[in-house]
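Here is a quick walk through one protein chain, from its overall build down to a handful of residues. Have the viewer open while you read.

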Amino acid sequence: MVPVEFPAWLTAWLAGDDYTIAREILERGVAALYLVAFVSAVNQFPALLGDNGLLPVRRFLRHPYARKQPTLFRRRYSDRLLRTVAWTGAVLSALIVAGVLQPTPTYVFVPVFLIVWFLYLSIVNVGQTFYGFGWESLLCEAGFVVAFLGAWDTAPPITIVFFVRWLVFRLEFGAGMIKMRGDRSWRDLTALFYHHETQPMPNPLSRTAHLLPKWFHRLEVLGNHVAQLVVPWFLFFPQPVASVAAAVMILTQLWLVLTGNFAWLNWITIVLAFAGISDPVFSWLFGGADVGGIGASDVPLWYALVAVAVTVFLVVLSWPPLKNLFARRQLMNASFNRWHLVNAYGAFGSVTKERYEVVVEGTADDPSDPGAHWLEYGFKGKPGDVRRLPRQFAPYHLRLDWLMWFLALGSRDSPWFEVLLLRLLEADTPTLKLLRCDPFDGEPPRAIRARMFLYRFSTRAEKRRTGDIWVRSEVGDLVPPVSLRGRQ
């Protein structure tokens with residue numbers, strides 16, 4: 001039987017052979033962030049959402065809504081199963097980062113990448129408020145799309161490359177529109193008078209950035225508007241315009257990396273933006289060196305059919321987020337399906353002007369005694385000790401610390417906090433491992449309380465005089481002293 005040969009032109013248009021370096025960065029970069037996310041789940045999920053967690057998954061799975069979610073945990077959850085899922089995802093992600101799987105056939109590589117995607121989707125869909133962040137959906141969507149760039153036996157399908165650009169467009173333009181619609185301070189260019197100080201989790205350079213002149217902060221906001229509202233459109237222009245647009249977005253995201261801790265939001269935006277940079281542009285950047293051309297220069301017919309089908313599927317799913325971009329009541333960080341594919345994104349539609357912090361304290365003394373000695377629990381990322389310089393954690397995500405920021409803003413979705421206080425009263429070891437320091441060295445305190453403070457960065461003069469990074473003043477009690485029965 002003579003094999004049927006198909007004309008080359010049938011698939012030649014689909015071959016994005018000028019984007020082989022971009023494919024390497026996209027696949028390895030997204031896999032690296034999956035690796036970070038899975039390690040984060042191993043370290044934090046059991047204490048936050050496990051069998052003895054603050055919001056146990058077993059209880060969540062009793063709700064009809066939870067039973068409809070695509071997840072490996074739909075019928076059964078255990079901390080052991082969670083660790084198995086997370087470590088499996090971490091190992092597979094590491095293999096992609098190391099380039100071990102790229103030489104395998106595409107019919108092997110793509111399913112493996114999709115397994116990574118589904119393993120993490122399984123975690124996100126039972127993660128409740130601790131996984132209710134826009135970058136969780138972003139990582140899920142990015143993993144699904146980037147998987148179809150294929151292995152080295154095929155050229156990157158150009159439709160998938162452009163869909164990654166469409167993802168970056170929604171991410172950046174959506175964030176820009178939500179700012180313009182959400183808060184006057186973005187429109188009058190004053191938002192960054194406050195943001196570096198009031199952001200969820202400052203980093204070592206946040207105070208330096210906050211103390212920059214106000215004219216510089218106005219330029220920051222203006223540059224942000226250009227980078228998010230104007231530049232993304234040029235991702236769809238011919239080269240080298242698209243590469244220039246991608247470079248501008250990468251540079252602006254690097255500034256955000258330098259001045260704050262936003263988990264992997266900035267890092268994944270940087271990685272995805274490389275979808276706009278072609279191999280010839282990389283060659284030019286490296287002084288004319290011959291770079292790129294990694295893998296095949298064409299797309300096999302069978303995979304062309306797969307890539308086109310996936311592209312059509314994703315385009316159909318794009319209609320709700322497209323409408324949302326131009327809707328008067330734009331949704332921020334919304335998923336339109338249970339698979340977290342083709343979502344709506346946005347961040348900091350409003351900027352808080354003052355920073356409040358919840359400080360949790362315990363005592364070994366009689367809590368009714370005015371002379372009782374109260375000791376403060378230290379969190380890893382959120383401000384507490386006024387002399388402690390904020391640390392750099394991103395792209396690692398400290399989920400409890402982020403939820404403490406929302407709690408201080410008055411979040412109503414905080415039943416977990418009562419359980420946190422209970423676990424501290426019990427001196428629960430997994431819970432204490434989420435903290436930077438336990439002032440009672442593993443022993444249960446007699447009572448716990450939570451107080452509200454107003455924080456601000458110290459001025460340069462205050463820093464020279466006192467050595468303090470923060471200045472804080474007490475606002476009042478959030479939770480009065482509470483004890484376990486029999487321990488009062």
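A residue is called buried here when its relative accessible area is under 20%, exposed when that is over 50%, and partly exposed in between, using a 1.4 Å probe and protein chains only. What you're looking at is a predicted model, where local features need pLDDT of at least 70 and side-chain atom pairs count only at pLDDT 80 or more, while totals for chains, interfaces and linings use all residues. Residues are numbered from 1 along each chain as its sequence is written, and side-chain values use heavy atoms, leaving out hydrogens and water.

**The whole chain**

Let's start with the build. The protein has 21 helices and six strands; these are DSSP runs (H or I of at least four residues for helices, E of at least two for strands), numbered from the N terminus. Its radius of gyration is 25 Å, close to the 23 Å that the globule rule gives for 488 residues, so the protein is as compact as a globular protein of that length. That radius is taken over C-alpha atoms, and the rule is 2.2 Å times the number of residues to the power 0.38. Along the principal axes, the C-alpha atoms fill a box of roughly 90 × 55 × 45 Å.

Of the 488 residues, 56% are buried. The protein exposes about 21,400 Å², with carbon and sulfur atoms supplying 62% of that; the areas come from the Shrake-Rupley method with a 1.4 Å probe, and for residues only the protein chains shown count as cover. A contact means heavy atoms within 4.5 Å. Among contacts between residues at least 6 apart in sequence, 77% join residues at least 24 apart.

**A helix under cover**

Now find helix H19, residues 415-425. Eight of its eleven residues are buried, so H19 is largely enclosed by the rest of the structure. Among those buried residues are Trp416, Phe417 and Arg423. What covers them includes strand S5 (447-457), strand S6 (470-482) and helix H18 (399-408). H19 is followed by Ala427, which has a positive phi near 55 degrees.

**His340 and its loop**

His340 is found in the loop between helix H17 (319-325) and strand S1 (355-363). Is this histidine buried or exposed? His340 is buried, at 12% relative accessible area. Its side chain makes a polar contact of 2.7 Å with the side chain of Ser137. (A polar contact is a pair of N or O atoms within 3.5 Å; within protein, one must be able to donate a hydrogen and the other to accept it, and residues adjacent in sequence count only if both atoms are side-chain atoms.) Leaving aside neighbours within four places in sequence, the residues in contact with His340 include Leu121, Val124, Cys140 and Glu141.

The backbone is worth a look too: phi of His340 is near 55 degrees, a positive value in a residue other than glycine. Asn333 lies in the loop between H17 and S1, and its phi is likewise positive, near 55 degrees. Asn333 counts as partly exposed, at 36% relative accessibility.

**Val36 and the proline end of things**

Val36 sits in helix H2 (residues 20-49) and counts as partly exposed at 22% relative accessibility. Not counting residues up to four places away in sequence, Val36 touches Pro395 and Tyr396. The C-alpha atoms of Val36 and His397 are 8.5 Å apart, although 361 residues separate the two along the chain.

Pro395 lies in the loop between strand S3 (378-379) and H18, while Pro240 is in the loop between helix H12 (214-230) and helix H13 (241-259).

**Asp369**

Last stop: Asp369, in the loop between S1 and strand S2 (374-376). Asp369 is partly exposed, with a relative accessible area of 41%. Which backbone nitrogen does the side chain of Asp369 reach? That of Gly371, at 2.9 Å.
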